[in-house]
Structures are given as structure tokens and as C-alpha cells.
Amino acid sequence: MFHISSTRPRHRPTPASEVVSRAEILGLLAERGPLSRGEIAKQLGLGAATVTAQVRNLMAEGMVRDLPAGQSSGAGRPKVPVQLVPDAAVVIGLGITPRSVAVATMLLDGQILASNVLPFSPESDPVGQLAAMVAGQMQDMAHPGRTVAVGISVSGAVDQNSSTVIISATLNWENFNLGQQLQKALDLPVFVSNDLFALATREISFGLGRRHDDFLLLGLGPGVGMGIVNRRSVFYGPGGASTEFGHMSVDPEGPRCVCGNRGCLQVYAGLKELLAAAPELGPEPTLEDLSARAGTPGSAVNSYLNRTGRMLGRSLGGTVNLLGISTIIITGETTALWEHLIGGFEQGLQETVLRFHHPLNITVRGWTEAEGAIGAAGMALHNAVVLNPAGSAS
């Protein structure tokens, strides 16, 4: 049985090297299946003593187990394969938007056991609504007692140390201690983060981060944001405000942004702003409507999306030059318009990225309603199982 702290960790932080090796071992077993300790050490480039110690810890927590010894091809003892126990721990992720909450249940190997999208009103007892969603998800589990944490992702600035939403313009929340209140209602650890931070954290354990230690995650949706991963760690500034990519000013004479400045990327590339680019489509156009109109060569919408794509490309190019990171993931609802943004985007990159950073490694991920919840679940799993191992709480 897991012993996970129900409050923020008060113990000495796990050393970074142990965190990395722990995450890598779990990720490798999830991807490759049972492996001997020697094979784990070889494939991850870790020392035999490190692997042995980490496997022993993971085994004590019930997350891995030994299988019967295999046949040895030479002298010495037969190899003993180590196997991940996927259902030893379960986390629940909530991806919150102004109108709905995506809910996902994730196993230890990153597999999604169940997902759902439920209606939500951020103004009316949000803690009660969210607690009911988690309780409903747990009722459908075979072993609800194996739930070790809840993760929540929101668009906005979040102080992750206190799980407080500092400000979320899309949800109209300010200084809302969501994590503490929901933790009290559920009696489970609750981790709250910015949506891009959650998605980037999930990528470290279950996505691109398995092959790359450094990458950028560009999120295009209601907000425009960026997750920066350096040496398998997501950059996080003090007080919850960091990597506000959408508030990079690209035109000092541009429209006023909600942040108070002019010409931010957000006022051109935010989902609401993109949909407002074609008023002739009516009061509530969809991305599909916008894409259909953009398919007309020479249309005003086509020109707008091309210009917006170029702004995004130039801004991202400057970030690549600044950080020296040339592996990029692009995700979010706005990727539905990517065929209309890519021309301007590639032009913007060519105009800005230094030649020695070419070729860039760019992956565009399709978006589903469940992505926010999956990111939140991956973040919770990483925080509860990797960063806060069993028995470490005081």
C-alpha cells in the first residue's frame, strides 16, 4: 500500500539524480516490458548500484516485482526480470475549462483507464463540483483505494507550492486556494498547475521526454503558452508566473491585451481572438467554420491566419535562439487550423532561427478534449510517485 503525504512535502527533497533514475526506470519498464537489472542499467546508462537501489525501493512500494528467473546463456546466476505493476497506483486528472472538465484515470504506466467530459461552471461551488467528479470517477474503479493523487490543470498563473490559482482570466479566478480546499474535501493529495506545465511534465515521463532531455512545448488554445523542459525538468518561475509566451509583445501599436500591454501574441493567436477574425461567420463560429473559410484562397481569414502563423514562428524562433533548444512539440485546440498557419509559421522560423539550430525537430500533436486531463494526471503521477516516493513524508 502506498504511503503518500496528504500535505505538501516537508521532507528534504529527493536528489535530482534519484528522481531522474526513478522516472527513467519506470518509463523504460512501461515501454519495453520486463527487463533484468543489468538490461535496465545498460539501456539507461546508469550504474548497476543505482539500478539495484532504485529497483529495491520501487519493489518495496509495490510498483515493480520480480518475475521467475530466466535461463542464463552463460556462467553465473540466471537473469531475474523486473516487471512494472501498472495498477499499483492510480491517479485522476482534471482539465478545467470555462464550460467543462475533462476527467481521466491513469495507471502507473501512463495508460488511460477511463476518461469523460462533464459540464462545469467556474462560478458556482467549483470545489463541490470537482469533488463530485472525482468521487464519481472513483466509484467506477475496481480498486478505488489505489488512488494516490489528483492532478488539476488550468489556464493561468498557478503557485504550485500552495496549489493556488493566482489568476486565471479564462475561469475568472484570482488567489483561489483550489488545491487546499479540494484536498480537504477528498482526503487525497491534490496537485494544481498551469496546463502547459502539466502537459510538459507528462511528456517527460510518457512522451517525447523519453528520448529528449530538452524540448519546448508550445500550447495554442484559449491561451498561448509555452512549457520549457531543460535536463528533464520543467522550468517554473517564482510565484507561478513563468514562460508567459502569449504575452510576448509582437506589435507595440497592436490591440490592448487583457494583461494591459499592447500587441501580445495572445491578442492575435488566442482561440477567442482567432474566432473573432471572421465576424461574418456569426456570433459563435467554430474552428471548423474558420478552417472552411480559410480554405478560400485570398480570403481575409486566410491572410489573417498566415500573418498570425508568421508571428508565432518569429517568436518561437527567438526563443530557440535564446535557449538553444531545437526540439519542439506544438499542441492545443488551435492545431485544428494548422494547415492554414504552417505557411506563415515556417516563414517566421526561417526569418529568425540561427542556421546552426537547423533542422528543427517539430512535432504537431492532434488535440482531444481529454488532453488537459491526461496532462494533469501525468503531472500528478510524476509528483506523487516520482518526486514524493512512499515513506518519504515526515
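Which residue stands opposite Ile329 in strand 15? Leu217 does. The pairing belongs to a predicted model, in which local features need pLDDT of at least 70, side-chain atom pairs count only at pLDDT 80 or more, and totals for chains, interfaces and linings use all residues. Residues are numbered from 1 along each chain as its sequence is written, and side-chain values use heavy atoms, with hydrogens and water left out.

The protein has 12 helices and 16 strands. Helices (H or I, at least four residues) and strands (E, at least two) are DSSP runs, numbered from the N terminus. The protein holds 394 residues, and 50% of them are buried. Buried means under 20% relative accessible area, exposed over 50%, and partly exposed in between (1.4 Å probe, protein chains only). The accessible surface is about 18100 Å². Carbon and sulfur atoms supply 51% of that surface. Accessible areas come from the Shrake-Rupley method with a 1.4 Å probe; for residues, only the protein chains shown count as cover. Of the contacts with a separation of 6 or more, 61% link residues 24 or more positions apart. Contact means heavy atoms within 4.5 Å.

Strand 15 spans residues 327–331, and five of its five residues are buried. Thr327, Ile329 and Thr331 lie on one side. Ile328 and Ile330 lie on the other. Both faces are covered. Strand 15 pairs with two strands described here. Two strands pair if DSSP finds at least two bridges between them. Strand 12 (residues 215–220) runs parallel to strand 15, joined by four bridges. Strand 16 (residues 361–364) also runs parallel to strand 15, again with four bridges. There, Ile330 has Val364 as its bridge partner.

Strand 4 covers residues 90–96, and seven of its seven residues are buried. On one face are Val90, Ile92, Leu94 and Ile96. On the other are Val91, Gly93 and Gly95. Strand 4 pairs with strand 5 in the antiparallel sense over seven bridges. The two strands form a hairpin, with three residues between them. Strand 4 also pairs with strand 7 (residues 147–154), here in the parallel sense over six bridges. Leu94 stands opposite Ile152 in that pairing. In strand 7, eight of eight residues are buried. Strand 7 in turn pairs with strand 11 (residues 190–194), parallel, over five bridges. Val150 has Val190 in strand 11 as its bridge partner.

Ala102 lies in strand 5 (residues 100–107). Why does Ala102 count as buried? The reason is its relative accessibility of 4%. Beyond its neighbours within four places in sequence, Ala102 is in contact with Gly93, Leu94, Gly95, Asn116, Val117, Glu369, Ala370 and Ala373. Ala102 and Glu369 are 267 residues apart in sequence. Their C-alpha atoms are 6.6 Å apart in space.

A further sheet is open and has three strands, in the order 8-9-10, with antiparallel pairing. Strand 8 (157–159) and strand 10 (173–176) stand at the edges, each with a single partner strand, so one side of each has no neighbour in the sheet. The twist averages 20 degrees from one strand to the next. Strand 9 (residues 164–168) and strand 10 are antiparallel and joined by three bridges. Ile167 stands opposite Glu174 in strand 10.

Two packed helices are described by the angle between their axes and the distance between the axes. For helix 10 (residues 300–323) and helix 11 (residues 338–352), the axes come within 6 Å and cross at roughly 35 degrees. Axes are lines fitted to C-alpha atoms, for helices over the stretch in contact, and angles run from 0 to 180 degrees between N-to-C directions. The crossing is right-handed. A crossing is left-handed if the near helix is turned anticlockwise from the far one by less than a right angle, and right-handed if clockwise. Helix 10 contributes residues including Leu305, Gly309, Leu312, Gly313 and Leu316 to the contact. Helix 11 contributes residues including Leu341, Gly344, Phe345, Gly348 and Leu349. The contact residues divide into six nonpolar, 13 polar and three charged. Here Ala, Val, Leu, Ile, Met, Phe, Trp, Tyr, Cys and Pro count as nonpolar, Asp, Glu, Lys and Arg as charged, and the others, Gly among them, as polar.
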